[in-house]
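Hi,

Here is the structure I promised to pass on.

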Amino acid sequence: MEKKISKEERLIRIPISDMEAVYIISPNGQVSFSLIPSGEENVYFDLKGADPLVQISVTGDATSIGFAAGETRHNSALTMSMIYEDQRVEENEDGKFITTTVQSPDGITAEHIVVSHAGCRGVRIFTKVINSSDDDIMIESVSSVNISGITPYTEDEGRGRLFLHRFRSRWSEEGRHEIRSIEDLLLEPSWANFGVRCEKFGNVGSMPVRGFFPFAALEDREEGIFWAVTAACSSSWQIEAVRINRGLSLSAGLADYEFGHWRKNLKSGDTFTTPECYVTALKGDFTEACDRLLDVQKYKLLEHQRVSALPAIFNEYCTTWGEPGEEVIRRLLSVINGKDFEYFVIDAGWYADSVKGWQDNMGEWNVAEDLFPNGIKKAVDMIREAGMKAGIWFELEVVGKDSDKVDDTAHLLTRDGKVIISGTRRFWDMRSEWVDNYLTEKVIDFLRDNGFSYIKIDYNDTIGIGCDGAESVGEGLRSCIEATKAFYRKIRDSVPGIAIEVCSSGGHRLEPGFMELADYLSFSDAHEEKEIPVIAADLQNLVLAQKSQIWAVLRKEDEPKRIAYSVCAAMYGVLCISGDVFDLSIDQWELARRGIDFYKKASPVIVSGVTERFGPFQNSNRNLQGYQAGVRRTKDGKMLVIIHSFNHEGRQEISIPIGDTAEIKDIYEQGDHSISIEAGFLKLTFEESFDAAAVLLG
């Protein structure tokens with residue numbers, strides 16, 4: 001079914017999921033876009049002040065007045081010249097599609113596309129730019145989405161009621177939630193209503209989650225409305241909160257030329273499609289806003305990823321620290337056999353050179369004969385005989401400084417003709433046919449020939465602003481990352497049943513574009529730190545829990561409470577055990593094994609629930625105070641409550657609201673914590689700091 005919208009309409013409201021897509025066509029023909037929850041009537045739409053839905057700028061374009069140059073291309077001259085052409089609304093079994101077309105006088109056409117799928121409370125939005133002119137154009141900025149007129153729930157500027165939410169991220173400290181008022185960010189209008197106000201943030205380089213996650217939400221606190229956006233952009237990206245007139249706009253997409261060194265030549269007749277952004281609007285709370293965006297990732301799950309039971313994974317890295325081998329694997333299997341692990345992952349070091357070692361020897365991918373004298377397939381066969389599937393680690397995009405491939409400059413990324421060196425790594429040009437063939441042999445054929453069922457793909461540095469091979473270094477970066485993702489897809493297509501784990505120094509690739517390629521995601525490199533439960537809980541707002549793989553590293557000196565602490569932390573996602581497994585006592589192993597059994601029982605709740613957190617905000621992840629409790633609820637009333645005690649003095653008594661009908665079904669703990677339900681609250685006591693418990697309720 002297709003419906004066309006007339007040019008004469010000035011305000012268009014189209015139902016989409018449980019929201020409405022709102023289009024305002026100004027008297028001069030510009031068209032803006034917003035999204036609001038369904039059923040909202042007291043909404044003030046400004047027919048003159050909204051910003052155009054496609055923000056685009058090309059070389060030679062004029063920036064907005066108000067000191068915008070060098071800060072933002074928002075409302076450039078080209079953007080303001082784009083006039084509404086038509087709008088098509090199509091519905092079929094795949095969903096609803098709204099395509100709004102605008103065009104400039106000199107023949108540059110843009111299609112703004114909104115896609116909604118059944119069951120998704122978020123929509124996918126992207127832009128297609130078509131060069132309909134006779135000349136080439138050099139695009140220097142183009143948005144995937146621009147939501148304007150925030151907030152439409154008041155006739156004034158919304159002072160004191162608007163807040164920007166985002167997530168900061170550093171290595172081993174991923175996903176810290178930050179809230180700033182619009183006034184804090186100097187985004188309120190000036191006395192003269194003049195001067196561009198812009199808060200631009202993002203990432204530059206090939207690690208898209210380094211500094212910030214590609215996420216933003218604007219909250220109208222007085223009305224209880226959220227607008228939330230996440231960008232599925234795997235290279236350099238940007239998000240802008242901009243005020244040029246009374247209303248605030250939120251735009252997201254590829255980093256522009258000034259911020260991310262990206263520009264792209266579009267020949268006459270050619271089309272460029274931006275990365276997708278996922279967008280939602282709701283009347284509710286921030287946790288719900290995040291969960292609604294995860295709906296799009298749930299929709300994109302492959303059939304084999306639609307699971308209710310999660311695996312327990314064993315990874316030997318924190319046992320051997322890069323020194324695996326046939327003999328050590330044999331010994332490990334004798335210890336962990338029968339403990340209900342589905343996967344045994346051989347991590348870094350299997351290719352180590354007896355002289356050069358393994359840390360900077362990536363690129364040749366030859367099995368170390370001294371570690372695996374009978375070949376690595378012998379180790380795979382041993383793992384299979386023990387009832388597990390075998391996994392292997394690669395950092396396939398890089399060449400280490402000690403590799404014999406380090407001088408293969410014809411196939412390495414360059415910038416200004418010089419090989420890009422970041423730390424101890426060079427980088428393959430993943431766009432190269434030679435590189436594709438080489439890695440097909442070294443990775444794909446290797447996986448298939450040796451019977452591996454799992455690949456952990458790591459990536460431990462960034463190429464920075466970009467590389468040669470395109471009209472800008474930013475476009476070089478984008479095209480190279482897209483080629484990398486194409487190779488990930490080739491692995492899946494070529495090795496039936498393969499499970500793919502995406503890792504990048506832990507969590508530096510936790511953005512939708514990469515996450516959708518993965519079965520599992522490395523949540524962080526905080527392998528055995530006390531802040532693991534805080535990071536893991538933070539990431540439940542951004543990552544599907546069924547993919548978030550969390551370390552539980554067990555040490556021989558661990559007290560029982562420490563083992564429970566580690567295993568409980570991993571219940572925020574997919575349990576991955578490592579550590580001093582040779583030296584654990586019978587009692588330590590029994591406690592860990594009980595945790596694995598409990599995790600398996602709780603996995604349906606981990607997969608399908610939504611988490612509410614309790615406890616004080618942790619200002620310092622390295623100096624945790626008080627406690628954290630995560631209550632993960634499913635629609636059918638099941639609950640998993642994970643409680644971690646941090647620094648405290650004396651007996652710690654914790655009460656968590658769970659409702660009047662909940663009953664305790666199972667408990668995982670290291671001792672007697674006096675766990676009970678009283679008047680709709682789950683009550684626990686901890687005598688000592690850094691202890692934990694998990695409770696399954698129904």
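**Salt bridges**

Arg593 and Asp597 sit four residues apart in helix α12 (residues 586-608), so about one helical turn separates them. Their side chains meet in a salt bridge, at 3.3 Å from N to O. (A salt bridge here is a side-chain nitrogen of Lys or Arg within 4 Å of a carboxyl oxygen of Asp or Glu; helices are DSSP runs of H or I with at least four residues, strands are runs of E with at least two, and both are numbered from the N terminus.) Arg593 is partly exposed, with a relative accessible area of 26%, and Asp597 is partly exposed too, at 31%. For the burial words, buried is under 20% relative accessible area, exposed is over 50% and partly exposed is in between, with a 1.4 Å probe and protein chains only.

Before going further, the ground rules: this is a predicted model, so local features need pLDDT of at least 70 and side-chain atom pairs count only at pLDDT 80 or more, while totals for chains, interfaces and linings use all residues. Residues are numbered from 1 along each chain as its sequence is written, and side-chain values use heavy atoms, with hydrogens and water left out.

By the salt-bridge rule above, the count comes to 58. Two further pairs are worth a look:

- Asp18 and Arg292 form a salt bridge at 2.7 Å, N to O. This pair links distant parts of the chain, 274 residues apart: Asp18 is in the loop between β2 and β3, and Arg292 is in helix α3 (residues 286-299). Asp18 counts as partly exposed at 36% relative accessibility, whereas Arg292, at 3%, counts as buried.
- Arg166 and Glu178 form a salt bridge at 2.6 Å, N to O. Arg166 lies in strand β12 (residues 162-170) and Glu178 in strand β13 (residues 173-181), so the pair ties together parts that are twelve residues apart in sequence. Both Arg166 and Glu178 are buried.

There is also a network: Arg161, Asp220, Glu222, Glu223 and Lys283 are joined into one by salt bridges that share partners.

**The four-stranded sheet**

Next, a sheet to follow strand by strand. It is open, has four strands in the order β11-β19-β18-β14, and its pairing is antiparallel; two strands pair if DSSP finds at least two bridges between them. At the edges are β11 (145-150) and β14 (197-203), each of which pairs on one side only. From one strand to the next, the twist averages 10°. The angles in these notes run from 0 to 180 degrees between N-to-C directions, and axes are lines fitted to C-alpha atoms, for helices over the stretch in contact.

So what happens around β18? Strand β18 (residues 237-243) is joined by seven bridges to strand β19 (residues 248-254), and the two run antiparallel. A hairpin of four residues connects β18 to β19. Ala241 has Leu250 as its bridge partner in β19, and Val242 has Ser249. Towards β14, seven bridges again give an antiparallel pair with β18, where Phe201 is partnered by Ile239.

Is β18 buried or exposed? Seven of its seven residues are buried, so β18 is largely enclosed by the rest of the structure. Trp237, Ile239, Ala241 and Arg243 point one way from β18, while Gln238, Glu240 and Val242 point the other way.

**The three-stranded sheet**

This open sheet has the order β2-β3-β4 with antiparallel pairing. β2 (11-16) and β4 (31-37) are at the edges with a single partner strand each, so one side of each is left without a neighbour in the sheet. On average, neighbouring strands are turned by 20° against each other, direction ignored. β2 pairs with strand β3 (residues 19-25) over six bridges in the antiparallel sense, and Ile14 stands opposite Ala21 in β3.

**A helix pair**

Last one: helix α5 (residues 326-336) packs with helix α6 (residues 376-385) at an angle of about 5°, and their axes are 10 Å apart. α5 and α6 are therefore roughly parallel to each other (the cut-offs are under 35 degrees for roughly parallel, over 145 for roughly antiparallel, 65 to 115 for roughly perpendicular, and oblique for the rest). In the contact (heavy atoms within 4.5 Å), Glu326, Ile329, Arg330 and Leu333 of α5 meet Lys378, Ala379, Met382 and Ile383 of α6. The residues of this contact divide into five nonpolar, no polar and three charged. Here Ala, Val, Leu, Ile, Met, Phe, Trp, Tyr, Cys and Pro count as nonpolar, Asp, Glu, Lys and Arg as charged, and the others, Gly among them, as polar.

Cheers
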